[in-house]
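We will go from stop to stop, selecting as we go.

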Amino acid sequence: MNKWTRRGLIGAGLAAGGVMVLGVAVRPGHRAPKMAELMTSNGEQLLNLWVKIAPDNTITAIVPHSEMGQGAQTALAQMLGDELDADWSQIRVEEAPPHKEYANHVLAKGFLIGDKKVPAVLLPTVDGALLEVSQLFNLQITGGSTSVRSTGQFGMRVAGAAAREMLLQAASSAWATPIDALRTEAGYVISDSQRAPYADFAAAAAKIKPPVAPKLKNPGDFTLMGRSIPRFDVPEKTDGSAQFGIDAHVEGLLYATLQQSPVFGSQVASIDDTEALQMPGVRAVVNLGDAVAVVADGYWTAKQALGRVKAQWETTDADGISGSDIFAQYERDISTAIAEDKGEKHRALGDVAAAIESAETVVEATYQVPFLAHATMEPLNATARYTEDLLEIWTGTQNPLGYQADVAEAMEMSDDKVRLTNFYMGGGFGRRSEAGVAIQAARLSREVGAPVKLIWSREEDIRQDRYRPAVTSRFVGAVDASGNPVAWQNHYVQKRHPPDAALIPYAIPNVGIFNVDSSTHVPFGPWRSVDHSQQGFFTESFIDELAVAAKRDPFEFRRDLLKDADRHRTVLETAAEKAGWYERTGPGEGRGIALQESFGTYVALVVEVLVENGQVSVNRIVCAVDPGLAINPDGLTAQMESGIIFGLTAALYGEINIQNGAVKESNFHDYPMLRIDETPIIETHIVNSGHAPGGAGEPGTPVVAPALANAIFAASGLRVRSLPVRLPTEGGFS
């Protein structure tokens with residue numbers, strides 16, 4: 001068996017999600033007493049790991065997720081506070097520290113089990129096993145759009161309901177009144193004759209073992225969930241007081257920056273640091289093996305000195321590789337897999353070959369997307385202070401527990417000798433889940449015997465990312481004489497996460513979907529919406545091509561193939577209706593539509609463009625989203641807009657090129673972002689279907705590129721099969 005990793009666990013969990021079982025329960029046992037000393041002060045009482053109550057009746061939701069602008073901490077506090085019957089004006093939020101007790105077993109539950117039911121008698125066993133799994137893998141990740149759909153649904157709601165029942169038990173004893181004669185409202189316990197705040201019973205409640213499976217509210221009883229409550233983090237981000245990782249400061253701090261091998265996987269061959277060491281303020285030039293770092297009194301000095309270090313790098317087999325070589329390799333591997341029938345079968349239905357052979361019209365197309373960087377506005381950074389007894393890390397990370405464990409392992413220290421303080425992140429998108437920059441900072445601090453803040457330059461950030469993989473996808477599809485699709489065949493390189501991203505919701509009788517191994521030397525990592533961002537472009541563009549081949553309206557063609565997929569069809573119809581799909585467009589204008597389910601949420605987009613004088617302008621985007629239940633509608637809308645802008649940036653501009661084994665791009669001048677004046681009107685329409693809450697941070701991204709490409713086709717007749725979108729040339733788009 002291959003070595004299990006956090007990434008592998010999540011991937012396997014997604015694959016298994018549809019066949020296992022689940023209920024809702026708090027983790028077994030009562031761990032609050034031993035954590036109270038760490039998590040409370042000034043008379044606060046920790047009822048369970050995620051709820052504490054202060055003497056002034058302030059209720060703090062302890063949230064095991066990081067805040068990087070997605071608003072998850074507010075939504076999770078809403079879920080907890082609603083089940084607790086709390087007064088929102090008295091709710092605060094606090095991020096859980098990186099600690100084994102806060103290993104996120106409900107995150108593992110969401111990944112590994114899904115929303116199936118578990119018999120109540122098995123709930124403690126299931127939760128106990130998942131707790132051990134999450135602790136084993138140091139699982140405290142913010143990613144995969146899991147905060148609300150996993151932690152919120154299976155953790156925060158349950159923790160709030162459990163705390164409420166514990167408070168009722170404590171009040172029942174104090175007042176000698178049956179629990180059935182008590183009720184709760186806005187942070188108070190109430191009987192026919194008495195009324196007292198939760199704080200009066202918090203100390204007694206904290207000694208009660210939490211109920212294993214507390215009763216949750218019905219949606220009709222929600223008072224906080226479903227409301228657009230303002231986010232906790234906005235005021236301090238507005239007035240500038242918010243602290244990000246790059247703001248960390250400790251006494252005696254030195255600054256560092258570095259250059260890593262331009263070609264991934266190479267090592268330092270030699271260093272000439274003579275000139276750099278002569279600069280005032282430079283403390284050291286450090287060979288980290290795969291990188292050269294300069295430590296100085298200030299960042300600017302370190303950066304200037306790094307430019308005077310002459311480093312030579314060992315040669316590797318990847319030194320001569322270019323992006324065109326990689327795509328040529330993909331093409332060869334796909335062709336070989338088809339010829340030798342070696343592709344891994346991902347979905348097989350009917351007889352694809354026979355259907356293609358007898359079809360009226362056959363359509364073939366090959367699509368490709370490039371490598372993409374994350375380009376977070378706050379570049380990677382970490383501050384470290386190393387001593388033999390304690391290593392302290394200050395940074396912003398999506399995975400504090402795993403991050404801390406990875407640093408400890410790299411520094412050959414026990415986990416309890418590493419202490420991590422987590423800050424806000426200036427963008428994450430998957431990039432801040434790996435601990436490499438903190439390990440480098442720790443090594444530099446150990447080398448120079450002082451605390452060090454390591455900041456990657458923008459250039460280093462772009463050139464040393466963990467990239468969204470470049471992918472090629474080849475299709476053959478067919479329609480019959482009546483315009484009905486009869487076959488769908490798809491071969492694409494590399495299947496990563498989630499494994500179901502290439503599947504389609506459409507009722508096509510003969511389907512074959514295969515993935516083909518074709519590895520490169522370019523490091524990859526999770527990028528917002530992961531494989532959905534590539535596969536959404538491929539599948540929703542090609543279904544558009546089949547609609548054209550069938551001489552059908554692209555919206556109606558999709559709708560008719562979704563008769564047994566209610567949630568898909570509803571968002572598709574909503575987007576079309578709100579966009580005025582049938583309204584006449586002017587010269588050079590066009591509308592495109594696309595649809596994608598990801599992370600438990602269904603999204604359809606209509607994009608309106610103007611193609612004029614070789615330029616593409618995106619004028620309007622209409623989004624219909626079914627998240628099951630929008631916990632915070634304003635927050636969900638913001639996430640849709642954010643994901644759409646992120647996806648539109650990638651579709652119009654995003655491209656990392658490989659030359660001589662290294663990344664060509666270096667900064668925003670050649671890896672641009674969408675600017676405010678280029679951002680279209682975005683309308684978001686929420687469909688609350690009543691299903692369990694889905695994700696919000698990522699589902700807006702995958703649908704943008706195909707809807708844009710389909711709109712360009714509608715406006716110009718030119719089919720976009722590769723990204724980013726290029727200006728039309730004499731023969732069409734390049």
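Axes here are lines fitted to C-alpha atoms, for helices over the stretch in contact, and angles run from 0 to 180 degrees between N-to-C directions. Helices (H or I, at least four residues) and strands (E, at least two) are DSSP runs, numbered from the N terminus. This is a predicted model, in which local features need pLDDT of at least 70 and side-chain atom pairs count only at pLDDT 80 or more, while totals for chains, interfaces and linings use all residues. Residues are numbered from 1 along each chain as its sequence is written, and side-chain values use heavy atoms, with hydrogens and water left out.

**Stop 1: two helices**

Select residues 72–84, helix α3, and residues 147–175, helix α6. Their axes come within 7 Å and cross at roughly 35°. Which residues make up the contact of α3 with α6: nonpolar, polar or charged? They divide into 12 nonpolar, 5 polar and 3 charged (Ala, Val, Leu, Ile, Met, Phe, Trp, Tyr, Cys and Pro count as nonpolar, Asp, Glu, Lys and Arg as charged, and the others, Gly among them, as polar).

**Stop 2**

The 3 strands form an open antiparallel sheet in the order β5-β6-β7 (two strands pair if DSSP finds at least two bridges between them). β5 (183–185) and β7 (195–197) each have a single partner strand, so one side of each is left without a neighbour in the sheet. Now select 188–190, strand β6: 3 bridges join β5 to it.

**Stop 2: a covered helix**

Move to residues 400–410, helix α13. Here 8 of 11 residues are buried (under 20% relative accessible area; exposed is over 50%, partly exposed in between; 1.4 Å probe, protein chains only). Among them are Y403 and V407. After α13 comes E412, with a positive phi near 55°.

**Stop 3: N490**

Select N490 in strand β20 (residues 485–493). N490 is buried, at 0% relative accessible area. Beyond four places in sequence, its contacts include S473, F475 and G512. A polar atom of its side chain lies 3.2 Å from the backbone oxygen of R474.

**Stop 4: H691**

Finish in the loop between β27 (681–686) and α20 (704–716), where H691 sits. H691 is partly exposed, at 40% relative accessible area. H691 touches R567, G628 and L629, not counting residues up to four places away in sequence. R567 is 124 residues away in sequence, yet 9.9 Å away in space, C-alpha to C-alpha.

Terms used. Contact = heavy atoms within 4.5 Å. Polar contact = N/O pair within 3.5 Å; in protein donor to acceptor, adjacent residues only side chain to side chain.
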